[in-house]
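Subject: Structure for you to look at, with notes

Dear colleague,

I am passing on the structure we spoke about, and below it you will find my notes on what turned up in it. Please read them with the model open beside you.

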Amino acid sequence: MDVGNPVILLVGKTGAGKSTLGNLLLTQPHDEGPFYVSADMESVTQVCGTAAMSIDGVKYNIVDTPGIFDTQKVTDDVLKEIANAVKKCAYGVKAILFVFEAKRFTDEQKNVLDGIRRFLGEEATNYIIAVFSHATKAQIQDRAIMRKAWNQPVRSFIQDIDNRWGIAPNSDYFPPDDPVHKARLGEIMAFISGMRGVYTTDQLEKSRKEQEEIRRQREEEEKRIKQEYEEKLKETAKKESEEAYKQKIEDLRQEFRAKQEEEEKLRRKEREEAEERFKKTIESIQTENRMQRQQDENLRRAEREAAEERYMKSIEMMRQEHKEQQERAETMFNNKIQEEERRRDRDEKDRREERKQAEETYRSRIEEAEKNLKNRENNETMRLMKEMQDREKKANLEYAKQIEDLRKKNALSQQELEKAKKKGCFSLDTKVQLANGKFIEMEKLQVGDRICSNVRNGELEISEVYLIAHLGHFDHSLSMTNIEFTRSDGQKGQIRTTPTHCIFREDLSILYAQDVVPGVTKILLLDETNELTPVVVDNLITDEDTGYISFYTRAGTVIANNVLCSCYDDCPQSQTLMDLVFAPIRLWTKVFPSNHRQEELHPYAKTLEHIYFNWLINGKRLLGLS
């Protein structure tokens, strides 16, 4: 750039058409001149570009500036770049071409113009020429049409710069050799040539110093006002805080007294409601027990009558259907043996063997009686039948005695039953993940918390805690099962529950924690990729604890210490069955949310547990009598 030549500055926002206008003034194609043109909204011009041109024999340096206020650079950097370009020109700035789109004169364009005035000074207004770009074909062809399209801000701006304005031609509408194209460029060049004087570097320095002085004075004034305001604010705040403190103390006293009265009323009301619910629950349980005993008695009576009827029919049909009776007896006996093998545990093994021998003896005597039946008289047959009946009664008495011994051996005492009902599910230090990703100990769980309950397709499933059955600490130790395992990254992990709490195997079936076999059983563990991975259990340890918590999610599952667990414990090992059993309380809490968070077991859970324990005891009794 020849610093001795006057400068023509091209200013405006990105995309306004500065570079295009510069190329046209240089009589170059609008997109192939020295100034690069792009369709992107980001500023292509990051530093000032220059080129030499001549108007009526006078040489000028035309300078293409970065887009003001919308480039990736900060505004101060852009203005410094322009200032450096002006300072390099010893002659000064002949004209400032302010290029903006031929649309509404927006607040943004007005802010750009005000920024130029503040930066270059008010005297720079005398050197500004407005150039409308992106005009329509009719506006380019007729300046009067362009003038009619102005709004009031545009008219006011044109008047401020002494009606110095032009239109950038569009080569798509009017090629460079078209008279309209030449006329529009000629008007702009004429304004440049006719501009009186130049904007010098001295004027720039003067404007910059004035701006610095104004900024300094403004900052000092703001600092003084701020200090005065803070002093007044501190004095006022001190007086107000003293009065507010006295009033706050009085309000707190009144609030505390009102709160005590309200809490006392609430506790009284809750005690009355709890007593009423307890009475209703006791009555309901007693009614159910009476009905259950009546049903058990009817069932036993029906079974005895059916057994007597079957026995009489079998004796009547022995002569005619010997072979068929033998096959049916063997089939019934085999079915009975299979059924008893499924229902009885290891403690019944000796009794099952004795009964099996008795049945075999009974069957052999029947076969022997049938073989000799044809050769004996009727009175001998009746004597044999009576002897068999006596032996059968004796066997039944012995069997009933064995059942009574088994019932005494397996029945829980009332004290043990109550203690078993108080057992929890998880230890209080077990951790779960909230919906926001935070991990908390179960001791801090609240009804309504949304926690991670399962994983599906790599996404964590979140479920609401709708009921906390009970939580707290026993005054005695509670037996706990500690399941230890190794994560995929080699770190050790563990989860501690009550022995009869249900967890998931790798095939999504459930089993009690106490039934886990180290080195064999695989449990499902949540890994870093949000997938449930089968992991072999390393060790199973029985220890003791006093803290416990039992809660339920709407999904019926929970991921605790990264292990997929069921919310149910001490129950039939069927997740689907337990989800159905708890369906009523899930629906109830949707309408009436639970606020139960006590050591005492929730009434619904207590009722289900009582029914289940009674079913276990009565089921064993029926198993022995069948």
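How many salt bridges does a search of the whole structure find? The search gives 21 salt bridges, and a few of them are described below; please keep in mind throughout that this is a predicted model.

First, the overall picture. The protein chain has 626 residues, of which 36% count as buried, and the chain holds 15 helices and 17 strands. Its accessible surface comes to about 37,900 Å², with 49% of that belonging to carbon and sulfur atoms. Among the contacts with a separation of 6 or more, 67% are between residues 24 or more positions apart.

Now to the salt bridges. Within helix 8, which covers residues 201–317, Glu221 and Arg224 lie 3 residues apart, about one turn of the helix, and their side chains meet in a salt bridge with an N to O distance of 2.4 Å. Glu221 counts as partly exposed because its relative accessibility is 36%, and Arg224, at 38%, counts as partly exposed as well. There is also a network of salt bridges, which links Glu263, Glu264, Arg267 and Arg268.

Two further pairs involve the strands. The side chains of Arg554 and Glu464 meet in a salt bridge at 3.1 Å, N to O, and this pair links distant parts of the chain, since Arg554 sits in the loop between strand 15 (532–553) and strand 16 (557–560) while Glu464 belongs to strand 10 (residues 459–486), 90 residues apart. Glu464 has a relative accessible area of 28% and is therefore partly exposed. In the other pair, the side chains of Arg496 and Asp545 form a salt bridge at 3.4 Å, N to O. Arg496 lies in strand 11 (residues 492–497) and Asp545 in strand 15, so this pair ties together parts that are 49 residues apart in sequence. Both Arg496 and Asp545 are buried.

Next, a residue in a loop. Leaving aside residues up to four places away in sequence, Met442 touches Phe426, Ser427, Leu428, Thr430, Val432, Ile549, Phe551 and Ala560.

Phe592 belongs to the loop between helix 14 (583–591) and helix 15 (603–625), and with a relative accessible area of 47% Phe592 is partly exposed.

Key. Residues are numbered from 1 along each chain as its sequence is written. This is a predicted model: local features need pLDDT of at least 70, side-chain atom pairs count only at pLDDT 80 or more; totals for chains, interfaces and linings use all residues. Side-chain values use heavy atoms; hydrogens and water are left out. Contact means heavy atoms within 4.5 Å. A salt bridge is a side-chain nitrogen of Lys or Arg within 4 Å of a carboxyl oxygen of Asp or Glu. Helices (H or I, at least four residues) and strands (E, at least two) are DSSP runs, numbered from the N terminus. Buried means under 20% relative accessible area, exposed over 50%, partly exposed in between (1.4 Å probe, protein chains only). Accessible areas come from the Shrake-Rupley method with a 1.4 Å probe; for residues, only the protein chains shown count as cover.
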